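User: I would like to learn how to read a protein model. Please take me through it feature by feature.
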Amino acid sequence: MKLVCPAGWRWPRCAVGSGAAALRPTVALSCALRLQRRPLLSALLSGLPGWDRSLPARKAAAPRKEKGKGGEGRSLPCSSWEERLANAVTPLWRLPYQEQLQVKYESQKKILQTLASCLEKLGIDTRQPGGLCCPLQPIVPSPVINGYRNKSTFSVNRGPDGNPKTVGLYVGTGKARNIVCVKANHMENIPLNHKQVAQCYEDFIRRSPLDSCLLFHKGGHWRELVVRTSSYGHTMAIITFHPQDLGQEELATQKSLLKEFFTCGPGAICALTSLYFQESTMTRCSHEQAPFQLLHGEPHIFEEVLGLKFRISPDAFFQVNTAGAEALYQAVGELGQVGGDTILLDICCGTGAIGLSLARQVSKIIGIEVVEKAIEDARWNAAFNGISNCEFHSGKAEAVLPQLLSSWEDARPVVAVVNPSRAGLHYRVVRAIRNCKSIRRLLYISCKPEGEAMRNFTELCCPPDPGKKLLGDPFTPTLAIPFDMFPHTVHCELVLLLTR
C-alpha cells in the first residue's frame, strides 16, 4: 500500500516511496517499548528530518561543561538562546540540588516573615524566633529531580531564526515585544517524551500550508501544545487550533491530517495514548467553552498515587510532580490530624486526589472543583477505588461553598484543605471558611504563597471585621512545611497549617 502525501505537504524522505512498510516499525512501538528500549527509540528518532541535534537521539558534540565552584560537571545548553531559556524558567539549574533547597528554604522564611509583619500591623503578635509567623520545617525534597513534570505546555511563535512555526517556551515578554520561542530540549525539568512530542508537532506544522497563530487578529491557526504523561507510560497530546474562518470541511481535513501524522506518519514515534484537538478563539478555554475533540486513542490517561488509580481528563488539575505529590498528600493527613469522625472538606479538589488518598482515615470527603470534567474524573476515581464515603460538587468554589456551609449543622469536626491556583481563593470562599465554626483546622497549599495567597492568609487570620463580614474567630498560623515540587525553579509548594 502506498502512502499518499496530501497536497501542499512534504512527507519526510524516509517515508517517500516506502509506503506503510517504512512506517510499520514506528506504529508498532508501545509505551513499554518507548520507556524500556531507548536504543531502538534513538535509532528511530535519528531518522526524523530536522530532529534537533541537542537531543540524545542524535550524535552530537558533547555539551559544554561549566567549571568552578558549585558547577563542576554541569552541562550547559549549546546556544545562548537555550541558556537564556534555562536561566529564565529554571534559574537554579546550575546549583547542586542541596543548594537549591537552601535557596528555597530562605525564600520561604522571608514569606513567613512578611506574613508576621502583616499580622503585626493588624495588632496580632505571632512572631516566632527569626521573625517568622510560625515554625518552619525543613523543606521536603523532591523524590525525582530531573524530568519530573507530568504536564508541559509548549507555545508556537517565532524562534531565534525567525521561523514562526517554532514549538518551545518563551524568552522575553509580550509587553516588551521581545518574545522569542526557544526549543525546550535542554530543560532539565521536562522529560524526554514531552520533548519528542513537541518536536514532532513542530515537524507537522512546518509541513502544513496553514500558518501558525501568533496574534488572533492577524490570522493563522496552529497554536499551543499540551503534553501529559503518567507513570503507566501513557502520553496525551492536546493541540489548540484557531479556526479563524475555516469551514467544517476544512477543519475536518486538518484533524484528519493531524491524526494521520501521529498514528501512521512520523509522529507515530510518540506512541500517543490520546490525541486531542481543541478549536479555540480564546487564550485558554475549558471543555465547556470549547470541547476537547478526541482524534485518536483513549479519552483518559491514568496515574497511581499512594496505591490508588486516578483517571485524568485533558484539562483536569493534577499535581505536576507525581512522586512529590505522594509525600505532600501524606503530610496533609498528618497535619490535619484527621480521624474516624472527621469530615474532610477538599476545596479546589481537581480529580479528588487529596481527599481520596485520605478517605479511609476519615468519616466523609466533600470535594469542590470548578472544572466539570475533573469532577467526573473524581467520581470515577472514587468508584473505581471502592470509596463510597465521598461527594463531589462541580462549580465555582465561591458559589458552592457558601451555600454548602450556610446551613451546616453537622457536629463532626471539619478539616478544610484548599489548593487554589496562583490567583488564590475568592473572597467569598475565605469568608465562608472563616464564618464556619466547625472548621478548626485549615491546610492552605500554595505554589505561590508570596502572591494572592498572602492576602488570603491575612483575611483568615485578621481580627473579626463586621464590615467585611468576617465574623468567625481568626485562624492562627501554626506550622509551615515547604515541599519542593519544582526542582531547578525558584518555586515550591508551601503547606501552611492554620488553627483556631
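User: What percentage of the residues of the chain count as buried?

Analyst: First, this is a predicted model, in which local features need pLDDT of at least 70, side-chain atom pairs count only at pLDDT 80 or more, and totals for chains, interfaces and linings use all residues. Residues are numbered from 1 along each chain as its sequence is written, and side-chain values use heavy atoms, with hydrogens and water left out. Buried means under 20% relative accessible area, exposed over 50%, and partly exposed in between (1.4 Å probe, protein chains only). Of the 500 residues here, 54% count as buried.

User: How many helices and strands are in the chain?

Analyst: Helices (H or I, at least four residues) and strands (E, at least two) are DSSP runs, numbered from the N terminus. This chain has 13 helices and 18 strands.

User: Which residues have the most contacts inside the largest nonpolar core?

Analyst: A nonpolar core is a set of buried Ala, Val, Leu, Ile, Met, Phe, Trp, Tyr and Cys residues joined through side-chain atoms within 4.5 Å. The largest one has 47 residues, and Leu356, Phe392 and Leu443 have the most contacts inside it. Helix α8 (residues 322–336) gives the most to this core, with six residues. A second, separate core has 42 residues, including Val429 and Tyr444.

User: What is leucine 356 in contact with, leaving aside its neighbours within four places in sequence?

Analyst: Contact means heavy atoms within 4.5 Å. The partners of leucine 356 include Leu308, Phe310, Ala378, Ile387 and Phe392.

User: At what angle do helix α5 and helix α13 pack?

Analyst: Two packed helices are described by the angle between their axes and the distance between the axes. Axes are lines fitted to C-alpha atoms, for helices over the stretch in contact, and angles run from 0 to 180 degrees between N-to-C directions. Helix α5 (residues 97–121) and helix α13 (residues 452–461) pack at about 40°, with axes 10 Å apart. Angles under 35 degrees count as roughly parallel, over 145 as roughly antiparallel, 65 to 115 as roughly perpendicular and the rest as oblique. α5 and α13 are therefore oblique to each other.

User: Which residues of α5 and α13 meet?

Analyst: Ile111, Thr114, Leu115, Cys118 and Leu119 in α5 meet Met454, Phe457, Thr458 and Cys461 in α13.

User: Which residues are buried in helix α12, and what covers them?

Analyst: In α12 (residues 427–435), the buried residues are Val429, Val430, Ala432, Ile433 and Arg434. Their cover includes β12 (343–347), α11 (397–406) and α13.

User: Is glycine 233 buried or exposed?

Analyst: Glycine 233 is buried, with a relative accessible area of 4%. Its place is the loop between β6 (222–229) and β7 (235–241).
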